[in-house]
Amino acid sequence: MAAKTKTEKKISKIDIITYYMDHVLEHERRPKSVYKFAKKHKFEEKDFYKYFGNFEALREEIWESFFENAHTLMTTNEEVETYGSREKMLTFFYTFFEILTANRSYVLYVIEENEDQLKNLKQLKGLRRHIKSFAKELIEDDNDEKNYSFLKRNERIYSEGAWIQFLFLLRFWKDDKSPDFEKTDVAIEKSVNTIFDVFDNTPLEKVFDFGKFLYKETMK
């Protein structure tokens with residue numbers, strides 16, 4: 001086994017993620033190999049594989065770390081514990097898209113990297129699992145408080161709906177040109193309220209309002 005050279009250093013998962021994101025932004029392409037990537041940043045190649053099997057796994061991990069950061073920020077706020085599921089979902093999306101905005105240059109590049117959008121969405125596989133699980137937990141908590149089965153929401157359908165909602169919001173945020181992405185905040189509020197209203201079988205005024213909002217923004 002080769003001895004560690006003076007230039008090699010201990011490396012963390014966050015270090016590797018940061019180096020990778022910087023590389024993509026500076027060169028507008030992925031690193032060509034793990035060997036060259038590690039050599040450039042003066043750490044051992046084997047240390048990369050402690051955390052990631054390849055660059056695709058790293059790319060997925062970046063999106064999962066966005067989720068984990070948003071979820072941690074939520075759960076460390078004691079006030080959020082008193083919120084209902086609707087307010088928790090709103091808080092999550094607001095927080096998540098603030099994190100995306102802080103990393104907007106990287107996010108825009110990787111979601112538009114290939115003309116084939118399905119290839120771009122592959123990196124969201126882990127994030128999809130987390131968002132669906134988060135939504136499912138919210139609905140489970142709500143259902144536990146309902147005495148009658150006919151009042152309970154379908155957890156599977158709702159969790160899948162939350163994922164579709166996220167994809168819509170991601171696309172909306174990508175194209176949002178408003179100051180401080182204020183239109184994205186409006187889209188988050190209207191979309192979350194609409195989904196919960198539909199599930200609660202409340203009047204559909206908000207569905208109509210949301211539809212008008214989407215139509216207005218699409219036609220601009």
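At 28% relative accessibility, E56 counts as partly exposed; this class lies between buried (under 20% relative accessible area) and exposed (over 50%), computed with a 1.4 Å probe on protein chains only. The model is predicted, so local features need pLDDT of at least 70 and side-chain atom pairs count only at pLDDT 80 or more, while totals for chains, interfaces and linings use all residues. Residues are numbered from 1 along each chain as its sequence is written, and side-chain values use heavy atoms, with hydrogens and water left out.

E56 takes part in a salt bridge with R30 at 2.5 Å, N to O, where a salt bridge is a side-chain nitrogen of Lys or Arg within 4 Å of a carboxyl oxygen of Asp or Glu. This pair links distant parts of the chain, since R30 lies in the loop between α1 and α2 and E56 in helix α4, 26 residues apart. Helices here are DSSP runs (H or I, at least four residues), numbered from the N terminus. E56 also meets R59 in a salt bridge of 3.7 Å, N to O, and R59 counts as buried at 2% relative accessibility. A network of salt bridges links R30, E56, R59 and E113.

Helix α6 (residues 104–111) is largely enclosed by the rest of the structure, because 6 of its 8 residues are buried. These buried residues are R104, Y106, V107, L108, V110 and I111. They pack against α1 (13–27), α4 (55–75), α5 (85–102), α7 (117–121) and α9 (155–175), contact meaning heavy atoms within 4.5 Å.

Methods. Helix = DSSP H or I, 4+ residues; strand = E, 2+ residues; numbered from the N terminus.
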